[in-house]
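Please read these points beside the sequence and the 3D view.

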Amino acid sequence: MRREALTLLAYEQISDEGIFSAMVDALGDDDALVVDGAAFALGEHLRVDAVESLAMVATGNDDARCREAAVAALGAIGDDRGRAAVIAALEDKPAVRRRAIVALANFEGPDIEAALERAAQDRDWQVRAAVNQLARDDD
């Protein structure tokens, strides 16, 4: 129920900062699905004030779904404070690595290019394919 509420809030226009604060708090929930929903909602609302909390989830949560959702949100937001967490996600499980490739599209710089070059040699073919697709999209 809480995850569904967060997912619904992702699509609503919200001006109440208390709701956004509750979303950030939900990033620390014991239920991985709630954390996933909170990360999604924060990313959809491009909440720059949640970047540090999302980076903590992306680099420290035990559940890969939570890390993946946080990486996606960081990519959507595109704030440089999330850059290191997105690059670090390239060392995670394949689904998280694939999400990190997509997230890197919103960042620029030599460190991003180097990370993409390394990911182009990833052992997972879908990660390599994501890098190739990103390169084609840039052309």
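1. Buried stands for a relative accessible area under 20%, exposed for over 50%, and partly exposed for values in between (1.4 Å probe, protein chains only). The model is predicted, so local features need pLDDT of at least 70 and side-chain atom pairs count only at pLDDT 80 or more, while totals for chains, interfaces and linings use all residues. Residues are numbered from 1 along each chain as its sequence is written, and side-chain values use heavy atoms, with hydrogens and water left out.

2. A salt bridge here is a side-chain nitrogen of Lys or Arg within 4 Å of a carboxyl oxygen of Asp or Glu. The whole structure has 14 salt bridges. One of them joins the side chains of R81 and E52, at 2.4 Å from N to O. R81 is in the loop between α5 and α6 (83-88) and E52 is in helix α4, 29 residues apart. R81 is partly exposed, with a relative accessible area of 41%, and E52 is also partly exposed at 41%. Helices are DSSP runs (H or I, at least four residues), numbered from the N terminus.

3. D122 and R97 form a salt bridge at 2.8 Å, N to O. D122 lies in the loop between α8 (110-119) and α9 (125-138) and R97 in helix α7 (residues 94-104), so the pair ties together parts 25 residues apart in sequence. D122 is buried at 11%, and R97 is buried at 2%.

4. D63 and R65 meet in a salt bridge at 2.7 Å, N to O; R65 is partly exposed at 44%. R2, D29 and D31 are linked in a network of salt bridges.

5. How do α3 and α5 run relative to one another? Their axes come within 8 Å and cross at roughly 5 degrees. That makes α3 roughly parallel to α5 (angles under 35 degrees). Axes are lines fitted to C-alpha atoms, for helices over the stretch in contact, and angles run from 0 to 180 degrees between N-to-C directions.

6. The axes of α4 (residues 51-60) and α5 (residues 64-77) come within 8 Å and cross at roughly 145 degrees. The contact includes L54 and V57 of α4, and R67 and L74 of α5.

7. L46 has a phi near 50 degrees, a positive value in a residue other than glycine. Most residues other than glycine have a negative phi. L46 sits in the loop between α3 (32-44) and α4 and is partly exposed at 48%.

Note on methods:
Helix = DSSP H or I, 4+ residues; strand = E, 2+ residues; numbered from the N terminus. Contact = heavy atoms within 4.5 Å. Parallel < 35°, antiparallel > 145°, perpendicular 65-115°, else oblique.
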